[in-house]
Amino acid sequence: MSAICAIFRFDGAPVPRTALAPVLESLRGFGPEAVSWTPETPESPVALGCRPMRISPEDSHYHPPLRSADGRIVLVADARIDNRVELATSLGLSPASTGQTSDPDLILAAYEAWGRDCVRRLVGDFAFALWDQRQRWLFCARDGMGMRVLFYHLSPQRVAFATLPQALVALADVPARLNEQKVAESLVLFQDPATTFFAGIERLLPGHALTAGAGGVRTERFWSPTPTRKIRFRTELDYVEGFNEVFDRAVLARLRSTGSVGVMLSGGLDSTAVAASAAAQLAAQGRRLLAYHAAPRLGFRENLGGIWVADESPEAEAIASGYPNLDLRIHRTDGRTQFDFDEALFGMAGLPPRNPANLAWYAGLHAAACAEGVSVMLAGNHGNNTISYDGMRSLLDSARRGKWVHLLREVTAFARATGNGRRDVLREHVLLPLLPARLAAWSEGSSSHRQGASMIARYSAIRPEFAAASHVARWVIADGEFGFRTRRAGSLEHRV
């Protein structure tokens, strides 16, 4: 991914060409090339910057900043557009020319054709900043799934953007202060997606666009995951084939790479499905897939009990054996722990890891992939919500919405499939997760607050004094899911 940055002044004063230099220096990890741009006309209160990281073959044609033919629209972007053919057809571009067109070039052409509504037509991962001299505004947007990031700092004089929040702290007028409220919220697993660990620096939310002009800034949501239509097929097999067609198309869109393609492979359904699709499609192109699997050190014999598996390397080897062009790399831990990587991760992402236990193996796989020239790494992230989704959360949702007939049918089916009684399924997956949140809603405010404070004290690492000063109990109760989390934590505590 590339790194981008921008500054816009509300008072119309020009932005010095050197203004973005400290920001670009903070983003030097993205690549050696640093480009900054300010308009030739002194009345333009804007500056754009970029450190391009070229991943796809089309990226070789990306030379930021991009300018429209008349020079009045200028863009920097961090983007991988997946609906390139569809977009090019709508823009009247010939299919032969798309191979010479970078993804940021498509964004610029889309803006020229449809203005700010162009973001509704873009499919893929993107964050960009665009200066329109005719409208005299700076337009920034971020993709709906939030795969590319963009942060900003707002003051009475100007707004500044960057790919990383810590890069904005490099500006002289941005104080480097810790957002203690964010620290408190993270300790109780509450997430405010707009805030960061840097006081005064906010995140442009996924699926949102921001327009900065002389009158200030305005944000607008342009994308929502709410489905607008339902797809109905005749048979269950049709659903499977329909899913496979969309899934393969999504994987194919991510195989554009100037280097090798890798995949983080476990023994589960999510990453193996990605690996299988990628291997088959790369084989058709005469290319290979490097698979990286993390395993414990040899001789590891710890008993995890139940269904837990400590070493999934045999499953990974079985997957690799089915695809001749899949080269498996098994990485075993070398004694380093997650504490050896947490500072480096904070320096890279600007926030502490939510699951630090994964850092040791993740860092090892990343280093191995970099050594072999991998420029695109696939993974099975969020697969629990799609491929291997067990559907249990839908039981709770059905109860909350009063869909009792549907709930009874699903509970019966789950009980039959697992051999559990319907009463046990209802108690474990509906009543117990639902009860604390309902009790909190029926109680008076002070009672709810006391319940939240009690749960926080029992299940989090936050000091009670800090929790009280930051009022996190109020947010936890309002979140509505703390009862579900604490109930699961309680049962885990009982088992251990």
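Modeller: In helix 10, the buried residues are L359, A360, G364, L365 and A369. Buried means under 20% relative accessible area, exposed over 50%, and partly exposed in between, with a 1.4 Å probe and protein chains only. Helices (H or I, at least four residues) and strands (E, at least two) are DSSP runs, numbered from the N terminus. This is a predicted model: local features need pLDDT of at least 70, side-chain atom pairs count only at pLDDT 80 or more, and totals for chains, interfaces and linings use all residues. Residues are numbered from 1 along each chain as its sequence is written, and side-chain values use heavy atoms, with hydrogens and water left out.

Colleague: What do the buried residues of helix 10 pack against?

Modeller: First the general idea: an α-helix has 3.6 residues a turn, so residues three or four places apart point the same way. Here the buried residues of helix 10 pack against strand 13 (260-264), strand 14 (289-295), strand 15, helix 9 (342-349) and strand 16 (374-378).

Colleague: How far does helix 10 reach from its first C-alpha to its last?

Modeller: The expected span is 1.5 Å times one less than the number of residues. Helix 10 (residues 359-371) has 13 residues and reaches 18 Å, close to the 18 Å expected. G373, which follows helix 10, has a positive phi, near 75 degrees.

Colleague: Strand 15 was in that list. Is L326 buried or exposed?

Modeller: L326 lies in strand 15 (residues 326-332) and is buried, with a relative accessible area of 6%. Contact means heavy atoms within 4.5 Å. Not counting residues up to four places away in sequence, L326 touches A275, A279, R288, L289, A291 and A320.

Colleague: How many residues has the largest nonpolar core?

Modeller: In soluble globular proteins, nonpolar side chains tend to be buried together. A nonpolar core is a set of buried Ala, Val, Leu, Ile, Met, Phe, Trp, Tyr and Cys residues joined through side-chain atoms within 4.5 Å. The largest one here has 47 residues, and L48, I107, F126, F128, L138 and F161 have the most contacts inside it. Strand 5 gives the largest share of this core, seven residues.

Colleague: Which residues is H208 in contact with?

Modeller: H208 is in strand 11. Leaving aside neighbours within four places in sequence, H208 is in contact with C140, A141, R142, E220, R221 and F222. H208 is buried, with a relative accessible area of 15%.
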